[in-house]
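Student: I have a new model open and would like to learn how to read it. Where do we start?

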Amino acid sequence: MTISTQSRAIAKLGAMTIMASALSTSVAIADDAATLAPVEKFYQAFNSQDPAMLGEVLAPDFVVHGTSPSLPDGDAAALGQAFQAFATGVPDLNYDILSTHVSGDYVTVRGTVTGTHSGPLFGMPATGTEVEFGAIDIHRVEDGQVAESWHVEDFATMLRQIGALPSGN
């Protein structure tokens, strides 16, 4: 093989590698978007306090894992009850997504929750206090629906804000 032929073969191989890499990247981006879509709808349902929309996005055998080993796992009904408790206690509750990370079937969401404590929440009567606290959630998506969720909210901060816990130093 002459140098000219060899150079053309290397260039052709390089171009094919770049095209294959671009195609692979496009497929990965499409897969990530498909995985992210039901999670985004999950938060739309949360922010609009729409249990029907939430029901559409949850898999039939959905599991919400307890935030610690001492808390049991729950199902869609348990999540719905928590959803309703927050809607009652903080009717203007909003989850602002700050960042997402998709890895395979898992989506990690970092966000800030805000709202006004204008109804009973965690046994505390309404205080009218604005609340703001952080949250990190992990969702597993299967067949276009959220199949499992793990939620870690900074409830200690929220409870301090509404006067249920002493302020920390």
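Tutor: We will go from the overall fold to ring pairs, and then to one residue. Keep in mind that this is a predicted model.

Student: Which helices and strands does the chain have, and in what pattern?

Tutor: Read the elements in sequence order. The chain has four helices and five strands.

Student: How much of the chain is buried?

Tutor: A residue is called buried when its relative accessible area is under 20%. Here buried residues make up 31% of the 169 residues. The accessible surface of the chain is about 9800 Å², and carbon and sulfur atoms account for 60% of it.

Student: Now the rings. How many aromatic pairs are there?

Tutor: The structure holds nine. To name a pair's geometry, look at the angle between the planes: over 60 degrees counts as edge-to-face. The planes of F42 and Y43 stand at 75°, so this pair is edge-to-face, with the ring centres 5.1 Å apart.

Student: Are F42 and Y43 buried or exposed?

Tutor: F42 is buried, because its relative accessibility is 5%. Y43 is buried too, at 3%. Ring pairs also link F42 and Y43 into a cluster with F46, F83 and Y95.

Student: Which parts of the chain does the pair of F122 and F155 link?

Tutor: First, the geometry. F122 and F155 are edge-to-face, 5.3 Å from centre to centre, with 70° between the planes. This pair links distant parts of the chain, 33 residues apart. F122 lies in the loop between β3 (106–116) and β4 (130–142), while F155 is in helix α4 (residues 155–161). F122 has 47% relative accessibility, so it counts as partly exposed. F155 is partly exposed as well, at 24%.

Student: Last, a single residue. Where is E148, and what does its side chain contact?

Tutor: Begin with the element, then the burial, then the partners. E148 is in strand β5 (residues 145–153). Its relative accessible area is 16%, so E148 is buried. The E148 side chain makes a polar contact with the side chain of H65 at 2.6 Å. Another polar contact joins the side chains of E148 and R140 at 2.5 Å. Leaving out residues up to four places away in sequence, E148 touches F62, V63, H65, I138, H139 and R140.

Note on methods: Residues numbered from 1 in each chain as written. Predicted model: local features only at pLDDT ≥ 70, side-chain atom pairs only at ≥ 80, totals over all residues. Heavy atoms only, no water. Phe/Tyr/Trp six-rings, centres within 6.5 Å; stacked < 30°, edge-to-face > 60°. Buried < 20%, exposed > 50% of the residue type's maximum accessible area, 1.4 Å probe, protein only. Helix = DSSP H or I, 4+ residues; strand = E, 2+ residues; numbered from the N terminus. Areas by Shrake-Rupley, 256 points an atom, 1.4 Å probe, with all protein chains shown as cover. Polar contact = N/O pair within 3.5 Å; in protein donor to acceptor, adjacent residues only side chain to side chain. Contact = heavy atoms within 4.5 Å.
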